[in-house]
Amino acid sequence: MNQTADILGRGLPAAMQLGTAASALLMLIGLATGQSTIVWDGLLVLTLTPVLQLVVAAVGFGGLREPRASLVAGTVLVLLMAALVTATLVARGQGAGA
Amino acid sequence: MERELLLFGGGTLAGLLGALLGIGGGVLIVPMLTLGFGEPLSRSIGASLVAVVATSSGAGAHNVRRRRADVRLGLTLEIGSVVGAAAGGLLAGLLADRVLAGLFAGLMAYVGLTLLRRALVPEDRAEAATPVDAMAPDGPQAPAYRTRRLPLALAGWVGAGVVSSVLGVGGGIVKVPVMRLVMGVPLHVAAATSNFVLGVTAAAGAYAYLFRGDIDPIVAAPLALGALTGSIVGARIAPRVEARWLAILFVVLAAWVAVQMGLRAAGVSG
């Protein structure tokens with residue numbers, strides 16, 4: 001239980017905060033300089049923060065020797081990446097996108 | 001710049017109120033953008049999803065650190081939610097704004113009734129006081145609710161994912177009742193668990209809007225920054241705030257929004 005607190009209790013919040021901090025920085029730079037492409041990159045980084053969250057969860061549970069939980073986190077990660085790829089392909093097919 | 005500052009302020013308020021009321025920012029952000037800033041509903045929904053990712057990352061980290069969120073259960077149920085959200089995000093591109101407005105009106109009516117009930121019915125203090133180690137590993141120490149009627153709960157979370165990406169909300173308004181009613185998860189654990197995975201669900205739906213060009217970066221970015229700020233502050237002050245009167249105020253607001261969206265769906269207002 002203490003191991004969970006150390007690995008997940010610290011790792012997950014750190015991953016979430018790292019992703020949001022990086023995205024916030026990009027968005028602020030983009031807004032300040034008027035470059036919407038940098039703002040868009042910041043939004044993309046923000047939506048990829050859950051990916052980082054899931055990677056940490058999968059690795060963290062693996063380190064705790066909880067294969068089922070690690071597999072579940074990995075499954076959600078694969079599904080999320082599939083959603084990203086599908087959205088990209090559909091948008092390209094429709095000739096839309098940023 | 002003035003518009004960006006207003007969007008930041010609106011996002012902050014939405015993030016703060018969402019954290020205090022436990023409802024997520026989407027139900028506040030979508031009507032704010034549509035009715036307040038005149039944004040098309042489909043673009044408001046896309047921007048709201050991005051803001052929900054921000055609020056989840058802000059408040060969710062706080063709940064994990066305090067062992068309130070059942071990470072194992074949340075990730076298991078999230079399998080269904082991501083599938084629903086991804087499908088919903090693609091589906092939303094096919095729906096007319098009037099249809100979305102009608103669906104959102106229904107959602108606001110449901111949210112308003114839920115909050116009204118919560119404000120009028122005293123919280124189950126015994127349940128809130130019962131210690132539950134949400135972060136306990138699977139096995140003998142795991143909470144009993146974690147495997148109770150799991151397939152049914154998964155199906156419920158697929159629906160939550162669809163609602164999330166079609167209407168621009170986090171889906172917690174469906175996820176929390178599913179956990180409570182189907183699995184018997186205590187309310188404080190269900191709310192924290194939902195908050196932890198809201199960002200994953202919202203991201204799955206947001207990708208479709210992002211790559212379809214349905215998110216205006218200059219609207220979404222200040223909104224997301226504000227929502228992040230508000231949710232971080234809200235998560236910290238929530239235990240010290242008596243939210244009952246805020247909830248009643250929100251019920252009145254929800255009723256007004258439901259009417260406005262209903263009129264929009266009927267083609268009465270623009």
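Colleague: How much of chain A counts as buried?
Modeller: Of its 98 residues, 45% count as buried in this predicted model. The cut-off is a relative accessible area under 20%.

Colleague: What is chain A built from, helices or strands?
Modeller: Chain A has 3 helices and 0 strands. Along the sequence the pattern reads α-α-α.

Colleague: Why is A:S70 called buried?
Modeller: Its relative accessible area is 19%. Buried means under 20%, so A:S70 counts as buried.

Colleague: Where is A:S70, and what does it touch?
Modeller: A:S70 sits in helix α3 of chain A, residues 67-94. Leaving aside neighbours within four places in sequence, A:S70 is in contact with A:A58, A:F61 and A:G62. A polar atom of the A:S70 side chain lies 2.8 Å from the backbone oxygen of A:A58.

Colleague: Is A:R65 buried or exposed, and how do you know?
Modeller: A:R65 has a relative accessible area of 73%. Exposed means over 50%, so A:R65 is exposed. A:R65 is found in the loop between α2 and α3 of chain A.

Colleague: What is the phi of A:R65?
Modeller: Phi is about 60°. That is a positive value, although A:R65 is not a glycine.

Colleague: What about B:R149: what is its phi, and where is its place?
Modeller: Phi of B:R149 is near 50°, again positive in a residue other than glycine. B:R149 lies in the loop between α6 (125-129) and α7 (150-167) of chain B.

Colleague: Why is B:R149 called partly exposed?
Modeller: Its relative accessibility is 49%. Exposed needs over 50% and buried needs under 20%, so B:R149 falls in between.

Colleague: How many residues meet between chain A and chain B?
Modeller: 50 residues of chain A are in contact with 47 residues of chain B. The area buried between the two chains is about 4000 Å². Carbon and sulfur atoms give 78% of that area.

Colleague: What makes A:E66 and B:R72 a salt bridge?
Modeller: Their closest N and O atoms are 2.6 Å apart. The cut-off is 4 Å, so the pair qualifies. The count between chain A and chain B is 1 salt bridge. There are also 4 residue pairs in polar contact between the chains, both residues at pLDDT 80 or more.

Colleague: Which helices supply the side of chain A that touches chain B?
Modeller: α1 (2-33), α2 (36-63) and α3 of chain A each supply at least two residues. The largest share, 16 residues, comes from α3(A). By kind, the residues on this side divide into 35 nonpolar, 13 polar and 2 charged.

Colleague: Turning to chain B, what makes you say α4(B) is largely enclosed?
Modeller: 17 of its 22 residues are buried, so α4(B) is largely enclosed by the rest of the structure.

Colleague: Where does helix α4 of chain B bend?
Modeller: Helix α4, residues 71-92, bends by about 40° at B:E78.

Colleague: Why is B:S44 called buried?
Modeller: B:S44 has a relative accessible area of 0%. The limit is 20%, so B:S44 is buried. B:S44 lies in helix α3 of chain B, residues 41-65. Not counting residues up to four places away in sequence, B:S44 touches B:V30, B:L33, B:T34 and B:E39.

Colleague: How do you know that B:M261 counts as buried?
Modeller: Relative accessibility is 0%, and under 20% is enough, so B:M261 counts as buried. B:M261 is found in helix α11 of chain B, residues 244-265. Beyond four places in sequence, its contacts include B:V30 and B:T34. B:A101, B:G102 and B:F104 are also among them.

Colleague: And B:A206: what does it touch?
Modeller: B:A206 touches A:T47, B:L49 and B:I215, not counting residues up to four places away in sequence. B:A206 is found in helix α9 of chain B, residues 187-212. At a relative accessible area of 0%, B:A206 is buried.

Colleague: How far apart are the C-alpha atoms of B:A206 and B:V52?
Modeller: They are separated by 9.7 Å. Along the chain, B:A206 and B:V52 are 154 residues apart.

Note on methods:
Residues numbered from 1 in each chain as written. Chains lettered and ligands numbered in written order. Predicted model: local features only at pLDDT ≥ 70, side-chain atom pairs only at ≥ 80, totals over all residues. Heavy atoms only, no water. Helix = DSSP H or I, 4+ residues; strand = E, 2+ residues; numbered from the N terminus. Buried < 20%, exposed > 50% of the residue type's maximum accessible area, 1.4 Å probe, protein only. Contact = heavy atoms within 4.5 Å. Polar contact = N/O pair within 3.5 Å; in protein donor to acceptor, adjacent residues only side chain to side chain. Buried area = accessible area lost by both parts, 1.4 Å probe. Salt bridge = Lys/Arg side-chain N within 4 Å of Asp/Glu carboxyl O. Nonpolar A, V, L, I, M, F, W, Y, C, P; charged D, E, K, R; others polar. Bend = angle between axes of the 7 residues up to and from the residue.
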